[in-house]
Every structure is written in C-alpha cells, then in structure tokens.
Amino acid sequence: MAHFAKINNDNIVEQVIVVNNDAILDKNNTESEKIGIDFCKSLLGKNTNWIQTSYNSNFRKNFAEIGGTYDVEADGFYAPQPFNSWILNEETFNWEAPVEYPSDENYYTWNEETISWDLVTE
C-alpha cells in the first residue's frame, strides 16, 4: 500500500491516506508518485496538495503525521515539535532534547520547566 500526505500552503500535514498500489501504476506497471497524486486529487479535490510518504521511512526522512511539516528543500517530513526547547536534528529530521537521555536502566520523562529528565518513580 502507498501512503500520501495532504499538505496545506504552509507545508503542514492535514491528512494522510492509504492508496492501493494498483492505483499508482503507470503503463509499465511501475509505481508513480505523480499518478498517485493525480489519484488523490481526483478523489479529494483538484486544489489540494499531495506528496507521497513512506510508512517505513524509506524516503522523505519520516512518515508524515497530521500536524507535522514537510520541508520542501530537504524533501522530508518531521513531526510537530514536542517541547519548545527541543531541537530538530537536520540529518534525521527527529526532535532531540537539549539534554541527553540518561544512559541507565531507569525511565525518565522530559521536564520542560527545568530542561531536564525526571526519573519516573511509579
């Protein structure tokens, strides 16, 4: 199955849909993103913007998610920023805490007020 993300004019993902692979094959039985985009537009409106995304993150960095962003220059998707202090890794397109996660066997949650990891005790 192929997946396509609907993005608005600000490149924010508004919707992600699944399309049967048969619907995106060209005359040589090769998958075509352009055919997939045309298929999405025929179903959901000609004035919509669609781009293919990979469920396994095989291309375009990450799988698109609603509220996430498509970076045109980098040709990749990234999720919404989880906390104001987190920084986007421009290679992986994943958000990273400004403080490394502790490397012990405990569990931690992020504390945005203190910009640190809090030990989960329960």
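Visitor: Let us start with Trp117: buried or exposed?

Guide: Trp117 has a relative accessibility of 18%, so it counts as buried. Please note that the model under discussion is a predicted one.

Visitor: How many aromatic pairs does the structure hold?

Guide: There are eleven aromatic pairs in the structure. One of them joins Tyr101 and Tyr108: the ring centres lie 5.6 Å apart and the planes stand at 90°, so this pair is edge-to-face. Tyr108 is buried at 16% relative accessible area, whereas Tyr101, at 35%, counts as partly exposed. Trp110 and Trp117 also form an edge-to-face pair, with 4.9 Å from centre to centre and 75° between the planes.

Visitor: And Trp110, buried or exposed?

Guide: Trp110 is buried, its relative accessible area being 10%.

Visitor: Which residues form one aromatic cluster?

Guide: The cluster consists of Phe83, Trp86, Tyr101, Tyr108, Trp110 and Trp117.

Visitor: What about Asn111; where is it found?

Guide: Asn111 belongs to strand β8, which covers residues 108-111. Its relative accessible area is 18%, and Asn111 is therefore buried.

Visitor: Which residues does Asn111 touch, not counting those up to four places away in sequence?

Guide: With those set aside, Asn111 touches Ser116 and Asp118. Towards Asp118 there is a polar contact from side chain to side chain, at 2.8 Å.

Visitor: What separates the C-alpha atoms of Asn111 and Asp22?

Guide: A distance of 47 Å separates these two C-alpha atoms, and the residues are 89 apart along the chain.

Visitor: Changing topic: in what order do the three strands of the open sheet come?

Guide: The order is β2-β1-β3, with antiparallel pairing. Strands β2 (13-19) and β3 (49-53) are at the edges with a single partner strand each, so one side of each has no neighbour in the sheet. On average, neighbouring strands of this sheet are turned by 30° against each other, ignoring direction.

Visitor: What packs on the sheet?

Guide: Helix α1, residues 33-44, packs there and touches β1, β2 and β3. The direction of α1 makes about 135° with that of β3.

Visitor: How many bridges join β1 to β2?

Guide: Six bridges join β1, which spans residues 2-7, to β2, and the two strands run antiparallel.

Visitor: How many of the residues of β1 are buried?

Guide: Five of the six residues of β1 are buried, and the strand is mostly covered.

Visitor: Let us move to the loop between β3 and β4. Arg60: buried or exposed?

Guide: Arg60, which is found in the loop between β3 and β4 (69-71), has a relative accessible area of 14% and is therefore buried.

Visitor: With which residues is Arg60 in contact, leaving aside neighbours within four places in sequence?

Guide: With those neighbours left aside, Arg60 is in contact with Glu33, Ile51, Gln52, Tyr70, Asp75, Gly76 and Phe77.

Visitor: And Lys61; what does it lie over?

Guide: Lys61 lies over the face of Phe93, at 5.4 Å from the ring centre. Lys61 is also in the loop between β3 and β4, and its relative accessible area of 34% makes it partly exposed. Its phi is positive, about 65°, although Lys61 is not a glycine.

Visitor: Where is the place of Phe93?

Guide: Phe93 sits in the loop between β6 (87-88) and β7 (95-96). At 4% relative accessible area, Phe93 is buried. Phi of Phe93 is near 60°, a positive value in a residue other than glycine.

Key:
Residues are numbered from 1 along each chain as its sequence is written. This is a predicted model: local features need pLDDT of at least 70, side-chain atom pairs count only at pLDDT 80 or more; totals for chains, interfaces and linings use all residues. Side-chain values use heavy atoms; hydrogens and water are left out. Helices (H or I, at least four residues) and strands (E, at least two) are DSSP runs, numbered from the N terminus. Buried means under 20% relative accessible area, exposed over 50%, partly exposed in between (1.4 Å probe, protein chains only). Contact means heavy atoms within 4.5 Å. A polar contact is a pair of N or O atoms within 3.5 Å; within protein, one must be able to donate a hydrogen and the other to accept it, and residues adjacent in sequence count only if both atoms are side-chain atoms. Two strands pair if DSSP finds at least two bridges between them. Axes are lines fitted to C-alpha atoms, for helices over the stretch in contact, and angles run from 0 to 180 degrees between N-to-C directions. Rings of Phe, Tyr and Trp (its six-membered ring) pair if their centres lie within 6.5 Å; planes under 30 degrees apart count as stacked, over 60 as edge-to-face and the rest as tilted. A charge sits over a ring if NZ of Lys or CZ of Arg is within 6 Å of the ring centre and within 35 degrees of the ring normal.
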